[in-house]
Amino acid sequence: MGESRLREFEEMVLLAVLVADSEAYGVALQRILAEQAGREVSLGAIYTALDRLTRKGLVRSELGEPTAIRGGRRKRHYRLTPTGLSEMRALRRIREGMWKQVARELPEGGTKQ
Amino acid sequence: MSAPPRLAVWALRWICAPETRSEVEGDLEEAFAGWLASSGAAFARRRYWKEVALLARWRMARASTGSRPPRSGSPGGGRLADLFMDVRYALRRLVQNPGSSGVAILILSIGLGGNAMVFTLVDRVFLDPPPLVHEPERLVGLDWVMAKGDGVDFGYYDMEFYREHAETFEDILAYGGFPGTRGRSTAGGGGEVTVGRGEALQPALAWVVSENYFQVLGVPLALGAGFTERRGAGMAAEPEVVISDRFWRRSLDRDPMVMDRPLYLNGVAFRLAGIAPETFRGINPGEPPPDLYISILSASAISMGFDGALRRFDEDGQPNASRFLRLVARLRPGMDLEGAQARMDVLQRSWETAFGEWAKTVYGESYRVRLRSEFRMAPYEARQLRSYLVFVWFVVGSVFLIGCTNLAILLLASASGREREMGIRAALGAGRSRLLAQLVTESLVLSALGGASGLGLAWLGAGALSATLPMNGGMTFTPDATVAAFAFLLAGGAAVLFGTAPAWRLSRLELVTTLHRPGHSRTRALFRGALVMGQTALSILLLIGGGLMARSLQQARNVDLGFDPDRRLILSLWLENHGYDEARGRALLSRALDRFAAVPGVRHVSVCHRVPFLGSNTWNFTAPGTEYAEKGLRTGFNMVGPGYFDAMGIGIVAGRSFTADDGPSSARVAMVNQVMAERMWPGQNPLGRTLDLLDQSWTVVGVTEGAVYYSVREAPRGQVYFPFLQLYAGRMNFIVSTDPSIAAMAGPLEAALREIDPTLSIAPMTLRGLVDAQLADFRVWTAFAGIYAGIAFVLALVGLYGVQSFLVSRRTREIGIRIALGADTRSVLGQVVRSGLVMAGTGAVVGTAAALATTRLMRGLLFGVAPNDPLVFVTVPLLLLAACLAASLVPALRASAVNPVDTLRLE
């Protein structure tokens, strides 16, 4: 598959799905991204990412029961597939390993590349 | 509680595919509640809109890649995505076939543009309220309804009476042309009031209006406080005028200080009471917009005798029949037209008892005042305009229909080339409605493009067309939003008209047979035949109409007017508007005649009161010893100078012409034309007979040929001539016949007049110009009908050619077999041409029959040609049939050149 590589935003969405745990659906993910990552993204962007992740086989979704709070509308709940989980585990291992090798504190104000 | 914006919710529903709708709506609703709580309603609504808009992008992306397991129908689902794809596909097809799509768009823009153009005029003239007028629905126009002919003009005293007594009206205004220059008679005449002093003189078109004119209309003046309120007839203490913004800009350089200075009209100082707002052009779309609004009570300052026209009785106690004002009343709030009319009828009866005898003398026995809600135009003006627009619209509409038929034929032809494409799509699972939607989208895209370019055409054309209106309203005609909406609505209609049949046909193909081998059916051929027939019929109808108009124009141009219009110059001089009384006027005229005669290039010069086509005087002439000794014969008359008949080129049949000796102190003499002579003294010699006018007896000394004075479209009427030295008029025209070798005569003549009195302004015109002006609408209508009939003709031929070549291409195989079996070229040729001629011939018969039935309606537009003129009715169908023959022949020749071996090898 040509699009097997995870993009940064997709990684964030996958993380948000993990954070949200059993409450991983559109708005909830939007809220998590806004509050914890400081990223204001549109629902459309999240749906697009989720669609792509579904195609890559990293998440799967199912429709929940209608809830009164949402005017009787259903939620689509997302979960990581086993492939998605192992992909995230691998990513985390790589990142943590690399971060350990960075001894000194990073200067504030951002890095330039 | 605040809810999500309803429109956005609706848009969302439209964007989402049904299976994702619930979850997306739920998410958005929940998000909305969150935003509402944290940041307030305004922010939440804005944010909701933004999210919906961004979702549309997600939807597109989804449609093009597809995500969840495929569903029935198109991948990705969602109507928006489908539409998006269809539009893209349609555009791609258009670009792939630039030739045929170009033709289609051209056909559509001609049809749509023409219609949008006419709609612009209709919209502006009939539908749009006049700019700036306050609550126009409360304004009503007043008409006199009499036993003999209706009138729209009232006397000033009438207005005063209604203002006093009609409690249903809040107020009532009056307006009219400045004396002697009413309505169309100004055509070509230019300004009738001269503004300024010394060297800088400006001609200006003037109306007289009541002082409350602007208040009643509710039109605020751009500058100035307006007229001083005055009541009752009588010369105003200080004459007042309001000028138009156009005049202010054009002639006074938009100088605001102009308000503090007097404005000189015909040399008399007027107080400038105000400047009308820029967009205000008067209320009557049938009249050119005035430059000056002169208060009625001020008009007598520059027009002698105007004072008398305002009074009910003249100095001798005779009733004054001078009616030259139109009245517009503003109803009180809550008063409707019926109620006001009922009150008006009651009021009219009290009016009758109060002024019975007087009214009878002026108006005859029975009359009534009718209120009408169309206050801007007199009924006859509205009728004239309407019949003109109906004619134009019929022509334009027919071409539009022909164009749609053509496109249907084009699409049908291309449809059969797409049967395989559609078959494959259907085989891949596209539903019928999906195919239909795609095909309709293609037509709509085509129409939208045609509509857009048609609107461009309308933009260019509406201005030109407005100049051809029977009465030039001087309005600006730019297509606006209403017109654009109309054009696109029409474009949608066109798409349905020309797109449905082919789309329907294609969408219901039998799958198996189509994929196997495209075939053709009998019903389809019949349908195409009917289309071609309809086209031919419509274009014959248009061509016959156009032909009749062209013949009329030809007749009108060659008509014998009874005078020679070429190399004749007319200089109008309204003496009484320049403060000349009778004695000074006579002196001026004879001095001017002497001066003019000395100008090089002048052959004959004379004066006359009336010029052909610019108004007339009539009188009820009695003549002793005739049938009309008592009741009188109403006839036009003119006051002319010596040499008038030479100057005009009117022949003298018997007796003599007027000379300088026919002066104030000599015996009263008159001349009559042949028409008058034969009616008044049938079979007798009119010379030496007498006519009565103003208690005097006038002896006929000469008989002239009949000359046309009223309209080039009618035969000369009776006419009586009097020597101007015996019967003075304050408004005279010089008529000068000039040497053909000298081109510009107006300048030297004007200079000669200015030497006598530098304040005088004359408006030079040519007699030929007046004749041409008479034929102007005619010429334009003919050109218009001709152009559109020509377009219709070409379209019909293209349609026929298209169908024929399509049929031939479908029958190549059959023709090949026939040739292989021994059929000769001529029989193949004959068969193809015959089928074309049958279609066109049937259309020709139907069209000619329709024309026979309907050209009667054109009678008012024709001149010297019968509505069933045999020449036109025979030539046009024959011409069209010949053209159809040619259009069929090309494909037929191609068919006969078919090599049987090639065609059989094809499949």
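In the predicted model, Arg95(A) and Glu11(A) form a salt bridge whose closest N and O atoms are 2.3 Å apart, a salt bridge being a side-chain nitrogen of Lys or Arg within 4 Å of a carboxyl oxygen of Asp or Glu. Arg95(A) belongs to helix H4 (residues 82-100) of chain A and Glu11(A) to helix H1 (residues 8-20) of chain A, so the pair ties together parts that are 84 residues apart in sequence. Helices (H or I, at least four residues) and strands (E, at least two) are DSSP runs numbered from the N terminus. Over all chains, the whole structure holds 37 salt bridges.

Between chain A and chain B, 5 salt bridges are counted. In one salt bridge, the side chain of Glu40(A) meets that of Arg47(B) at 3.5 Å, N to O. Polar contact (N or O atoms within 3.5 Å, one able to donate a hydrogen and the other to accept it; residues adjacent in sequence count only if both atoms are side-chain atoms) links 11 residue pairs across this interface, both residues at pLDDT 80 or more. On the side of chain A that touches chain B, helix H2 (26-37), helix H3 (43-55) and strand E2 (76-80) each supply at least two residues. H3(A) gives the most, with 6 residues.

The contact (heavy atoms within 4.5 Å) takes 22 residues from chain A and 21 residues from chain B. The two chains bury about 1800 Å² between them, 46% of it on carbon and sulfur atoms; buried area is the accessible area (1.4 Å probe) lost on putting two parts together, summed over both. In chain A, the residues losing the most area to chain B are Tyr47(A), Asp51(A) and Arg73(A), together 31% of what that side buries.

Residues are numbered from 1 along each chain as its sequence is written, and chains are lettered from A in the order in which they are written. Local features need pLDDT of at least 70, side-chain atom pairs count only at pLDDT 80 or more, and totals for chains, interfaces and linings use all residues, while side-chain values use heavy atoms, without hydrogens and water.
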